[in-house]
Amino acid sequence: MKKNLLSPVILILFGGLLATGVHAQPALKDAFKDDFLIGTALRDSQLTGENTNEMALIQAQFNAISPDNALKWKPVHPEPGRFNFAPADRYVEFGVKNHMFIVGHTLVWHDQTPSWVFQDDKGNPVDRDTLLARMREHILTVVGRYKGKIGGWDVVNEALNEDGTLRQSPWLKIIGEDYIAKAFEYAHEADPKAQLNYNDFSLENAPKREGAIKLIKKLQAQGVPITGVGLEGHYKMGWPAPAQVEAAIDDFAKLGVKVAITELDVDVLPAATQSQAAEVSMNFALRAELNPYTTGLPDSVQQALAKRYADLFTAFLKQPGVVNRVTFWGVTDADSWLNNWPVRGRTAYPLLFNRDYQPKPAFEAVLKVAQHP
Ligand code: GLA
């Protein structure tokens, strides 16, 4: 009797589970909900395209988004007085609709910034006041448009050299060292509630990290509203050591700022250069030995990548409350910039989902860290 009553109930329950997709893979954003946000970078073609597999994965797994290009100066402000907001609007709307933390990337950078920004009508460098006025207009317009929707900005991107000195960018040459403080002040003026980050690569290496610490201390002493540091996280299999990641997080925590891992990927391909810098301008010729996995990733490398990811996430969790977001630079391996950098036309495997939208062993390894840090 009891058995007869129970079986329809079990059937209904089981059917319900299938219908709601409860049997589907667990979500990174849920696994780390008490620790940090889990983000991914979005391309405009994902938002305008019809790849339902990818969109479903984004909505299921991530609670934060970064735009790969839509908010960089060149795409959003290609000519004086002309803004192209369509892709950025689509990006922000997607985040709002899906209740995601929306990142603004990036306001002041030496790359993907049109040359007119730094020049007058005759092609000569503008003076400090003109460049400051252009920077302020850009920041007030772009940050102001998404006030209250974009939760955090990468205000200044990659201002440091590997030795910790300031990069000789047109910003530095024309304005002087305080261009960084000014960018933060303008961003704060445009949206006083937004988180404001300094974002860079290789901050795990001591010399560059010292430069960042010096920079942040100076900004803080001047009352500049900096809330966090972004470690880009363009990592290799052998670099940085987890201890270097922990040390960087520790050092920035001591300054009272939050740390975000902003562009995470782990390159398993043979190195084309000994440099650890994620310098976008690097470009090396394609040679067969630099592209060994064109037909698939050997299991030994999959497993090594899984272990590497587990070690990195263990490092991110080491100091509770410091890392507030971990954002991957792409969703599946097919999305990754590493298919074309620093060598064009390779088959890269740096992310947690494969080209068929399936989780890789590294995905399982990261989830396990959430359960047993
Ligand atoms: C840098 C930038 C990103 C992106 C990557 C490469 O890290 O911050 O916006 O351009 O390079 O894709």
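The model is predicted, with local features needing pLDDT of at least 70 and side-chain atom pairs pLDDT 80 or more, while totals for chains, interfaces and linings use all residues. Residues are numbered from 1 along each chain as its sequence is written, and side-chain values use heavy atoms, leaving out hydrogens and water.

Student: How far is an oxygen atom of the ligand from an N or O atom in the side chain of histidine 105?
Tutor: For lysine 72, the corresponding distance to a ligand oxygen is 2.8 Å. A polar contact is a pair of N or O atoms within 3.5 Å. For histidine 105 the distance is 2.5 Å.

Student: Why does histidine 138 count as buried?
Tutor: Histidine 138 has its place in helix α7, residues 128-145; helices are DSSP runs (H or I, at least four residues), numbered from the N terminus. Buried means under 20% relative accessible area (1.4 Å probe, protein chains only). Histidine 138 counts as buried because its relative accessibility is 0%.

Student: With which side chain does the side chain of histidine 138 make a polar contact?
Tutor: Within protein, one atom of the pair must be able to donate a hydrogen and the other to accept it, and residues adjacent in sequence count only if both atoms are side-chain atoms. The contact of histidine 138 is at 2.9 Å, and the partner is the side chain of histidine 77.

Note on methods:
Helices (H or I, at least four residues) and strands (E, at least two) are DSSP runs, numbered from the N terminus. Buried means under 20% relative accessible area, exposed over 50%, partly exposed in between (1.4 Å probe, protein chains only).
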